[in-house]
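Here is a short tour to read with the structure open beside you.

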Amino acid sequence: MSNAENAVVKVKKVKKESELSYWGSVFFRFRKKKMSMFCLILMTLIVLGCIFVPIISPHTITSTNVANMNQPPSMTHILGTDELGRDLFIRFFHGGRISLGIALVVVVIECVIGVILGCIAGFYGKLIDTIIMRICEILMSFPFIMFCITVVGIFGNSIPILIFVLVFLGWAGIARIVRGQILSLRELEYMEACEALGISDIKRIFKHLLPNVLAYVIVFATLGMASVILVETALSFLGLGVAPPTPTWGNMIQPANQFIVLSTRWWIWVPPGVGIFLSVMCFNIVGDGLRDAIDPKMKR
Amino acid sequence: MRTYIIRRLLQIIPVFLGITVILFLIIELSPGDASTNFIDPRMRPEQRAEIARRFGLEEPAFNRYFIWLGNTLRGDLGMSMRYQRPVTEILAPMIPTTLTLALLAFLFSVIIGIPAGIISATRQYSLADNSLTVFSLIGISLPSFFFGLILLRIFAIQMQWFPLFGIRNPLYAPPNALAGAMHMLHHLVLPMIVLGMGGTATFMRYTRSSMLEVIRSDYIRTARAKGLSEKVVIYRHALRNGLIPIITLFGFWIPSLMGGAVITESIFGIPGLGRTAIDAVNFRDFPIIMAVNSMLAFLTLLGALISDLLYAAADPRIKYD
Amino acid sequence: MTKRYNRIIAVAIAVIMSLVLVAACATEYETAAPTPAPTPAPATGNETQGTDGDETVATGPREINQNNILRFGTTSLDGLFNPTVSSNVYDSYVVSLIFEGLVTNNAGGEFIPNIADWELSSDNLTYTFTLHEGITFSDGTPMTASDVAFTYNVFAHPEYTGVRGYVVVDFEGHDEFKDGTADSISGINVIDERTISFTYAEGTASPANIANFGYGIMPEHYYAFDAWDDFAAKFDQPMGSGWFVFQEWRDKEFLLLHTNFDYWKPADIPLIDGVIFLDIPDESLAGAFMTDQVDVANPGASLDNQAAFATIDGIDVRVIEGNSYNFMQFNTLIPQLEDYRVRQALLYALDREAFVTAAYGALGSVGLSPISPVSWAFNPDGMNPYAFDLDKANELMEDAGWVMGGDGVRTKDGNRMAITWLVYPEAAWPGILSGLAADTWPQIGVDLTIEIMDFNTVGDRSLSASSNAERDFEMFTMGWSMAIDPDLTGGIFGLDEMALGDGGFNASGWRNEEYARKMEDAKQSFDQAKRTELYNEISAMYNEQVPTVVVALRSVMWPVADRVGNLDISTYVDWTYHINKVTLDH
Amino acid sequence: MNENLNNDLNNVDDVDIGAMMVPESGMPAVGQKKEDILLDVKGLKTFFHTDNGTVRAVNDVDFYVRKGETLGLVGESGCGKSISSMSITRIVETPPGKYEGGEITFDGKTLLRINENERYLLPEKDMRSIRGNDISFIFQEPMTSLNPVFKISKQISEPMMLHRGMTKKEAHEESIRLLDLVRIPNPERIVDEYPFSLSGGMRQRVMIAMALACEPKLLIADEPTTALDVTVQAQVLELMNDLKSRINASIIFITHDLGVIAEMCDRVVVMYAGKVVESSPIEELFESPQHPYTQGLIASKPDMATTEKRLHVIPGNVPDLTELPGGCPFHPRCYKVTERCKQEYPPTHKITDEHIVSCWEYNGSGISSEGGEEA
């Protein structure tokens with residue numbers, strides 16, 4: 001891009017943010033996007049709700065009351081009740097806890113595995129690199145949804161299996177990103193300087209390269225949260241993820257398969273759907289915003 | 001070019017084998033098999049053992065993998081445990097349905113997503129751009145099953161514009177092929193929108209950012225400086241370049257749509273691969289599970305190759321040899 | 001947009017259209033019937049573009065009117081349209097419309113002649129059937145006794161993979177034939193063209209045996225095979241002697257049958273022109289009725305479905321007492337559950353009334369005994385309904401020696417009252433039931449863990465494990481359907497020789513010599529009054545010991561569109577039995 | 001933050017208006033016949049409205065080009081010289097760009113006239129018939145200025161088919177002739193190549209051929225040699241110099257390289273931060289540069305004769321155009337800066353008919369170059 005105006009704009013940015021620290025300037029750029037900030041706040045509210053509403057609510061997720069089933073929203077039950085008369089307001093937030101919790105666990109494990117293997121592949125190269133990258137290639141060629149359905153379907157619906165299969169297929173993406181970053185960073189001079197100074201491999205990787213890679217990992221993790229939530233809820237909706245009575249946003253929508261629920265009891269299936277939608281959107285927008293803020297060149 | 005294709009096809013083999021081995025292992029490790037579905041109060045244990053023997057379940061896993069592989073390469077995907085018929089025979093009628101749905105969704109995505117992306121890019125920050133950007137954000141964030149239910153609720157139950165399920169009314173005999181196609185299309189509109197939504201949003205985002213980059217490039221300025229009209233500049237000069245990264249997406253997209261059809265098919269009651277696969281998983285009909293999974297894996301690998309070839313076709317700078 | 005752009009869109013639309021055309025053509029309506037179906041007469045001039053299904057296609061002596069075809073909503077057809085192997089109920093409906101069995105039953109559950117009359121020998125072992133005159137298969141070939149023999153030999157074929165091995169297992173000479181030491185089953189004897197006899201092995205006589213002769217008779221000339229796979233290849237192309245002939249099956253879409261206008265008894269030719277089975281997910285059935293896409297179906301009797309169907313105009317929802325129930329089985333071999341008072345306490349602490357209300361509403365009732373309430377052998381007198389009573393439950397726990405511990409969980413001899421319940425998610429009711437228990441059982445000092453696993457795994461770990469050693473469960477729940485005869489052997493309440501030894505469907509591990517003896521007596525007795533008494537005693541024993549509990553019985557719901565006339569359905573009479581009398585308003 | 005910034009800039013605006021009141025500052029010098037003037041740009045303002053504030057890329061610029069004349073536009077990158085030239089045919093991207101004021105006359109036609117009372121832009125359709133036809137461009141980056149997915153012939157043919165009504169075949173043959181004209185070997189083969197298979201120098205020749213395709217009246221060469229190797233640079237310059245005599249076109253030659261200017265141009269306009277600071281015939285500029293900035297530029301030019309001395313460097317950086325310093329934008333870097341320079345934009349002084357300068361330190365006899373900060 002050689003247009004003069006762009007050149008000018010860039011000159012200016014450097015000047016403005018030059019006084020800030022790295023993360024300071026990231027936040028500086030992030031804050032300027034109103035949409036990203038709004039979503040960050042909304043996301044925080046959802047997370048806080050999922051943590052605290054089940055604690056402070058007078059209802060519990062298991063207490064049933066058959067006399068009070070399928071009630072529309074009211075003052076006592078803000079989001080109504082389900083087919084066993086359980087309070088849907090607290091189940092909504094509890095479901096969010098499970099959905100967001102699974103996503104968080106999956107993404108964290110994915111990132112740890114991905115970063116470690118990506119670093120090893122990128123740093124040592126040669127055979128190790130070939131092996132790890134070939135494994136990544138295999139994993140990324142898996143028919144994702146179908147494979148999840150297969151594994152969860154035949155091993156039974158349990159949260160650990162769900163987490164396992166999502167991590168199993170998911171770490172390859174971040175490993176490849178990290179490896180790519182390491183490869184390009186390795187070429188930089190300061191690594192050569194380290195080598196000259198005789199700093200050990202491990203120290204080199206973790207002290208010098210990781211902080212550079214961290215930004216990419218954070219962006220991946222944020223966007224990854226969004227996609228894991230989508231997959232988990234879809235599987236749970238199909239009855240192949242988290243099984244009731246443990247609520248998740250996915251299996252809470254499942255009753256809408258019933259004609260009567262779909263056509264007359266919106267309060268049962270709409271709120272969890274909106275919950276999924278909002279949190280996925282927030283993670284997507286915050287992730288995009290972070291990516292642009294961390295490195296404007298990283299834009300797709 | 002030909003050597004490149006051959007080399008890539010050869011590279012697919014180990015990856016494909018890797019996938020099938022992992023699939024096989026997972027199925028091997030799983031508890032239970034389809035024979036446990038034959039629960040009948042008056043069935044005796046030896047009769048159940050008989051069934052297991054008939055499906056070759058007592059062979060060691062290692063042998064069975066190679067038997068499976070050999071048969072698969074000969075085009076024999078085995079016998080379905082549930083239907084007691086060849087898997088190929090069961091899947092054959094499902095593939096056209098799912099493929100039609102996937103292609104319809106794909107075309108829907110392309111026809112809506114790419115023009116929307118272009119409009120967005122050429123009118124950056126306009127009202128149109130902002131609303132399209134919001135739409136695309138909704139598109140990638142709205143879970144497809146929820147979106148499908150909303151559409152069903154509004155357009156099939158409330159308005160009754162579209163049928164609730166299925167791909168046709170079997171008692172309707174279309175007077176000609178076109179009427180038959182329209183009849184089917186009518187059934188497929190909602191599923192197509194649901195399945196195509198993610199692609200529409202993705203294509204739009206990619207087209208937008210790619211076009212934005214292209215529009216700011218020097219050769220577009222050159223084209224403008226030649227006195228070409230804006231339409232020619234955008235639709236001939238810019239689009240041709242802007243679509244290159246999108247075209248490379250195409251190869252990946254159809255396989256992933258066929259995977260995504262699982263959810264759509266189960267919401268809209270469409271008799272396709274996805275529903276068959278879910279039924280097979282629930283019934284532990286392993287031959288069908290293996291067949292569907294490896295078919296989709298193969299399609300994914302093939303898609304990656306097609307992507308590369310499309311890339312070469314779209315961009316004269318790329319040459320494989 | 002530029003013109004060029006419009007062109008792109010036009011091309012794209014053209015591509016879509018052609019795509020759908022291809023798909024539509026690929027699934028064009030061909031006649032795949034095995035019968036030499038008359039070529040359809042060209043539809044003369046009346047090409048309608050308007051509403052669906054106004055078409056009439058000429059077939060055979062009567063014009064097939066698409067509107068005179070009964071539309072039945074099914075959830076899944078497996079393609080096993082063969083009397084020997086069909087295992088799901090919808091496949092069986094198809095089979096019973098195409099094939100005819102030697103005997104059938106009436107509304108009272110009594111077996112009556114269908115296409116053959118029979119005589120039972122004085123030792124109650126030999127059944128001699130005489131086929132009615134003039135029976136022909138739908139291709140015009142007459143049915144003979146050798147067709148009957150062929151059909152029953154298939155059940156015993158060494159490669160037979162179906163679930164009905166029991167049909168012939170007690171025939172004399174069955175084992176020899178199966179082993180290969182005999183060329184045929186000595187118990188099956190063709191006497192002449194229309195006469196055949198079946199002889200049971202010594203000691204296997206039972207009034208329930210007659211039920212084995214209800215399976216459809218297959219034409220030997222059509223099905224005869226050398227390799228089993230050749231036979232299996234015809235599962236989805238059935239041909240029989242019944243009222244309907246198979247036309248086409250599209251998995252997960254529909255199955256079409258046309259009326260057999262050449263039916264051998266012209267007076268009984270159905271008034272409708274055919275039956276179509278439409279594959280409609282249970283949850284969409286209400287919508288299908290609402291939008292007039294289906295005439296008859298059997299949706300689950302859940303509260304949701306009841307509520308949905310209650311709102312639909314133009315249908316009549318028939319409620320029929322069902323012959324199936326939900327049960328709960330305890331593993332009586334573990335210390336927590338070995339004492340029957342603990343099992344009783346658990347039952348007292350489970351509000352089954354609430355469960356019925358939540359799961360089935362008015363269409364369910366609390367179960368009392370292993371005998372179906374629709375059976376002649378059922379007698380509720382003296383049965384304990386175990387009405388919800390937490391005090392009583394706690395009392396029984398105390399009696400059994402289980403003392404409340406500090407953490408609210410009872411203990412005895414160092415064992416904690418901790419129970420794991422295997423629940424499968426495929427059906428809603430186990431979740432509802434265990435959801436209620438999760439609320440009330442902790443109140444009697446039970447530490448309940450609900451373990452969710454799929455149906456098959458629950459089965460593997462309990463019911464279908466091949467020996468008690470392989471069973472890995474503390475308690476589980478499942479559904480069960482009853483046969484017409486009240487005989488309980490071999491089932492979840494059965495304590496036949498297998499259960500007393502090892503294995504069998506009674507996974508509870510509970511054994512009782514007296515119970516087993518009574519059961520065997522009841523099975524073999526041909527005196528109904530004596531059987532009734534025996535079953536009453538059996539029920540009472542069971543009601544007290546509760547190793548297995550009938551949790552709830554539920555009625556069956558049959559929504560029927562108003563345009564359907566004369567449809568006869570009751571507990572023992574399927575909708576297919578008298579379908580020839582059904583009329584359709586078209 | 002942005003608001004404050006805009007206020008600052010508004011103040012600058014006020015000063016600008018004062019400066020404009022200097023009579024006839026940008027008018028062609030007395031004695032010039034109007035018909036000699038091919039292009040006349042007066043008071044041109046092209047701003048960019050971005051999230052970070054308004055960039056005054058071209059801020060009240062005057063210059064003109066005579067028929068057959070080669071005008072040099074010189075200045076550091078970001079001084080607005082490219083935007084000025086692009087504003088002539090309105091190929092600045094709008095938004096974020098916006099033409100905020102001024103008047104452009106080309107060959108008797110008004111291309112643009114914007115003031116408080118009027119906003120006239122030549123209709124886009126008419127403008128398009130000028131672009132590539134009467135006014136054509138050669139851009140700085142030969143590597144990226146050609147469309148990578150079209151063959152050379154298509155790219156050269158396009159303007160000819162559009163403006164000269166040629167058929168595809170005619171245009172193809174004409175393309176070969178043009179490639180031959182710009183001394184490309186094997187033009188018949190090259191014409192069917194894609195740009196990526198050509199070297200930078202060859203691509204720039206293609207650009208030149210493309211620019212000449214419709215025999216333009218005005219050729220705007222925007223740093224045509226900057227991105228090329230030194231040896232290739234010389235070849236391309238030689239080619240252009242050669243073509244100059246063969247085609248009957250005026251040229252605006254934009255560069256930051258005064259050496260190239262000296263070789264190619266008849267007259268020079270020096271720009272700084274979106275303003276014309278000095279304008280002069282070529283000899284006069286090199287003999288007696290008046291503006292301290294021009295002096296700096298000339299001093300920083302490497303010269304074979306002065307290689308033994310250290311290169312002169314103008315201290316400081318190109319200013320941020322959203323945050324221009326008050327007064328003369330050059331004052332922070334000026335070795336002759338006074339208090340007044342920081343307060344007000346300097347007036348334009350006419351030294352000779354063709355030589356004007358904007359500087360407070362001009363006192364009628366020139367600005368002395370004593371006391372400079374050079375090493």
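## Chain B at a glance

Read from the N terminus, the elements of chain B run α-α-α-α-α-α-α-α-α-α-α-α-α. That gives chain B 13 helices and zero strands. Please keep in mind that this is a predicted model.

Along the principal axes, the C-alpha atoms of chain B fill a box of roughly 85 × 55 × 40 Å. Chain B has 321 residues, and 57% of them count as buried. If you take the contacts in chain B between residues at least 6 apart in sequence, 74% join residues at least 24 apart.

## The largest nonpolar core

Which residues touch the most other members of the largest nonpolar core? In this core of 440 residues, they are Cys148(A), Ile149(A), Ala277(B), Val94(C), Phe277(C) and Ala209(D). Domain 1 (2–91) and domain 2 (94–270) of chain B both contribute residues to this core, so the core lies between them.

Apart from its neighbours within four places in sequence, Val94(C) is in contact with Leu77(C), Phe81(C), Leu255(C) and Phe277(C).

## An enclosed helix in chain C

Val94(C) also belongs to the buried residues of H2(C), together with Tyr90(C), Asp91(C), Tyr93(C), Val95(C), Ser96(C), Leu97(C) and Ile98(C). Helix H2 of chain C spans residues 89–98, and eight of its ten residues are buried, so this helix is largely enclosed by the rest of the structure.

What do the buried residues of H2(C) pack against? Their partners are four strands of chain C: E3 (69–74), E10 (244–250), E11 (254–259) and E12 (274–279).

## Two helix pairs to compare by eye

Back in chain B, helix H9 (residues 218–225) and helix H10 (residues 230–242) pack at an angle of about 140°, with their axes 10 Å apart. H9(B) passes H10(B) in a right-handed crossing. On the H9(B) side, Tyr219(B), Ile220(B), Ala223(B) and Arg224(B) meet Val233(B), His237(B) and Ala238(B) of H10(B). The residues of this contact divide into five nonpolar, one polar and one charged.

The other pair joins two chains: helix H12 (residues 266–294) of chain A and helix H6 (residues 127–141) of chain B have axes that come within 9 Å and cross at roughly 120°. H12(A) passes H6(B) in a right-handed crossing. Here Phe277(A), Val280(A), Met281(A), Asn284(A) and Ile285(A) in H12(A) meet Leu137(B), Ile140(B) and Ser141(B) in H6(B). By class, the contact of H12(A) with H6(B) has six nonpolar, two polar and no charged residues.

## Where chain B touches chain D

The contact takes 18 residues from chain B and 23 residues from chain D. On the chain B side, H9 and H10 each supply at least two residues. Which element gives the largest share of the side of chain B that touches chain D? H9(B) does, with seven residues. Sorted by class, this side of chain B has five nonpolar, six polar and seven charged residues.

## A last stop in chain A

Leu40(A) sits in helix H3 (residues 34–56) of chain A. Is Leu40(A) buried or partly exposed? With 18 other C-beta atoms within 10 Å, Leu40(A) is partly exposed, because a buried residue needs 20 or more. Leu40(A) and Gly95(A) lie 55 residues apart in sequence and 20 Å apart in space, C-alpha to C-alpha.

Methods:
Residues are numbered from 1 along each chain as its sequence is written. Chains are lettered from A and ligands numbered from 1 in the order in which they are written. This is a predicted model: local features need pLDDT of at least 70, side-chain atom pairs count only at pLDDT 80 or more; totals for chains, interfaces and linings use all residues. A nonpolar core is a set of buried Ala, Val, Leu, Ile, Met, Phe, Trp, Tyr and Cys residues joined through C-beta atoms within 7 Å. A residue is buried if 20 or more other C-beta atoms lie within 10 Å of its own, exposed if 12 or fewer, and partly exposed in between; C-beta atoms are placed from the backbone. Domain bounds come from an automatic or database domain assignment. Two residues are in contact if their C-beta atoms, placed from the backbone, lie within 7 Å. Axes are lines fitted to C-alpha atoms, for helices over the stretch in contact, and angles run from 0 to 180 degrees between N-to-C directions. A crossing is left-handed if the near helix is turned anticlockwise from the far one by less than a right angle, and right-handed if clockwise. Ala, Val, Leu, Ile, Met, Phe, Trp, Tyr, Cys and Pro count as nonpolar, Asp, Glu, Lys and Arg as charged, and the others, Gly among them, as polar.
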